[in-house]
Structures are given as C-alpha cells and as structure tokens.
Amino acid sequence: WNISLIFVLVVKHVLHPPTVITWFHMGSRLAASRIQLIGRGMNQPTPFGKRMDRLQSRIFNEVVIPTDTRSHKVIRVMSAEPLETKEQLSPKYYPNLPMFHYLTKLLRLHGLFFDDHVIFRQVQDELKTLRGKVVRPPIGQGKRAQLRGKK
C-alpha cells in the first residue's frame, strides 16, 4: 500500500461510509475493496489506529494530537472571529443617543413630537417655582452649600 492509496481510502471512508463491498480493478483481476477494513483500525489503541486518527484530523483541520477540553477551548477562542468584526458588537450597531435626544428636542420645539413625560416634568417644575423652590440650582448653590454657609 502506498500512502496516496491509503489517503484516498481514508477520505472516501470518512465522506461516504461503506455499506456494501465494492469491487475495483487491480491489474488484470477484480479484487474486493478494502474500504471496509480501513475503519477497523480507527479509534483503536493500536499504533495503526492512532496514526489513522492523526491523519484524519490533519486532513479535516482538527486537533491532531488528542488534548484536554481546556486546550480545545483555547483553540476555539483563538480560531473564532474577532469581537471587533462582529456587527452586533460594533459601535455602529447601537443608535446615536445624543443625536436622537437633540432631534426629539427640536421636533418638540416645533410641535411635531409629543412626549407626555417631558410635559409632566415641565408642569412639576412650574409648580415647584410657584411654591418658591429652586428647581435645579447651579452647582455649589444647593441645600448643602447653603447649610455650610450658615455655620
């Protein structure tokens, strides 16, 4: 057996598992296909089985030498797509909130947008000013600053 024939038989066995004996022409006589015999050594603790498993892993870009699950996690993480290229994690995915806030303010100013909560807050602020309270005092002139000034 040369290596190219074994390679073809392994690939053929993995892609199309054999169910019946097939025949192939070898020189001048017909011989039974040994595709069924290839699978016999796979996943066996024999040197041949180990070599066949490694060859199969190399062909299909899997981990060649058996490793533990932690190493598989490292391999999976390193071979995954970077987070920066994922569309749902990029800054373009999220809406531009300052722009939307400015646009709603502009639309409300022109009377094209109606927000109940903003109107409620405005009414509450007006009621506070009628009672003589300061709605939003400048920084450094609030209740604590006034208490500190009395001492």
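**A walk through the predicted model**

Let's start at Arg136, which is exposed, with a relative accessible area of 59% (exposed means over 50%, buried under 20% and partly exposed in between, with a 1.4 Å probe and protein chains only). The structure is a predicted model, where local features need pLDDT of at least 70, side-chain atom pairs count only at pLDDT 80 or more, and totals for chains, interfaces and linings use all residues. Residues are numbered from 1 along each chain as its sequence is written, and side-chain values use heavy atoms, leaving out hydrogens and water.

The side chain of Arg136 meets that of Asp125 in a salt bridge at 3.0 Å, N to O. The pair links distant parts of the chain, eleven residues apart: Asp125 sits in helix α6 (residues 116-130), and Arg136 in the loop between α6 and α7 (143-150). The count comes to one salt bridge, taken as a side-chain nitrogen of Lys or Arg within 4 Å of a carboxyl oxygen of Asp or Glu. Side chains of opposite charge can pair when their charged atoms come close.

Stepping back, the protein has seven helices and two strands, which are DSSP runs (helices H or I, at least four residues; strands E, at least two) numbered from the N terminus. From that end, the elements run α-β-β-α-α-α-α-α-α. Of the 151 residues, 11% are buried.

Now find helix α5 (residues 97-109), which holds Leu109. Leu109 is exposed, with a relative accessible area of 69%.
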